Amino acid sequence: MTNHTGISKGRIIVFGAGGRVGRAAVAEARRRGYEVTEAGRADGDITSAADVAALAAGHDAAVVAVHDQTAPPGVFFPAVARALAAGLPRAAVGRLVSVGLASVLPTAAGTLLMDTPGYPQEWREFYTSHGAGTQTLRAAAPKALDWVVLSPAGDFAHAGGPAGGYAVAPADAASRITHADFARALLDEIEAPSLHRTHAGVTSA
């Protein structure tokens, strides 16, 4: 059910449930007692508002952790944002937690992480395309859709168990967070939303 402080023991749909972040989000949601629908590429087109609405109908919140290696990122991520902005409200889904990239977040000094010295530039088109998706969501989402984009403040720690906590933090290339702790942040932003219509980074704490 949905209330002013978030969603408790309702239904959550996870788009991109087959990836590492998606799997962690599904596991964390089920651990907390939510009913979870796992949505993958075979279930529908995430760039189609009609498909998003059909899949999301009957759910209280959505987690989105998708990308498509076969599609140009500059086309894919804005298209996903437009489909979510139109499709989720049509399905009466009021909360969206989407997964972004640290690359387009500002550091403590105010410089975007992707513009700091030594940061890898070979995937810059991917970084900026992710950022364009967030900007599209910002412009297209109606007030009825309370959204947030979360990303690691740096990157994922691909080994080791949960650190036991996390904190919202500016971008930092050295920052790491486990998938399990990141999933906790995703679900906390559904259960007790504290961030709205913004992109924020999280790190292990």
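How many residues in the lining of the largest pocket are nonpolar, polar and charged? In this predicted model, the lining divides into 19 nonpolar residues, 14 polar residues and five charged residues.

The pocket itself may be considered next. The largest pocket holds about 1000 Å³ of space. It is lined by 38 residues, and those closest to its centre are Ala65, Val66, His67, Phe126 and His130. Several elements of secondary structure take part in this lining: helix 1 (20-31), helix 4 (124-140) and strand 8 (155-157) each contribute at least two residues. Helix 4 gives the most, supplying three residues.

Seven strands form an open sheet in the order 4-3-5-6-7-11-9, and their pairing is mixed. Strand 4 (35-39) and strand 9 (166-169) stand at the edges; each has a single partner strand, so one side of each is left without a neighbour in the sheet. On average, neighbouring strands of this sheet are turned by 25 degrees against each other, when direction is ignored.

Strand 6, formed by residues 95-99, pairs with strand 7, formed by residues 146-152, in the parallel sense, and five bridges join the two. In this pair, Arg95 stands opposite Asp146 of strand 7. Helix 4 packs on the sheet, where it touches strand 6, strand 7 and strand 11 (199-204). The direction of helix 4 makes about 165 degrees with that of strand 7.

Terms used
Residues are numbered from 1 along each chain as its sequence is written. This is a predicted model: local features need pLDDT of at least 70, side-chain atom pairs count only at pLDDT 80 or more; totals for chains, interfaces and linings use all residues. Side-chain values use heavy atoms; hydrogens and water are left out. On a 1 Å grid over the protein atoms alone, a cavity is a set of points where a 1.4 Å probe fits but cannot get out, and a pocket is an open set with protein on both sides within 12 Å along at least five of seven lines; lining residues have an atom within 4 Å of a point. Grid points are joined across faces, edges and corners, and a volume is the space filled by probe spheres set on the points. Helices (H or I, at least four residues) and strands (E, at least two) are DSSP runs, numbered from the N terminus. Ala, Val, Leu, Ile, Met, Phe, Trp, Tyr, Cys and Pro count as nonpolar, Asp, Glu, Lys and Arg as charged, and the others, Gly among them, as polar. Two strands pair if DSSP finds at least two bridges between them. Axes are lines fitted to C-alpha atoms, for helices over the stretch in contact, and angles run from 0 to 180 degrees between N-to-C directions. Contact means heavy atoms within 4.5 Å.
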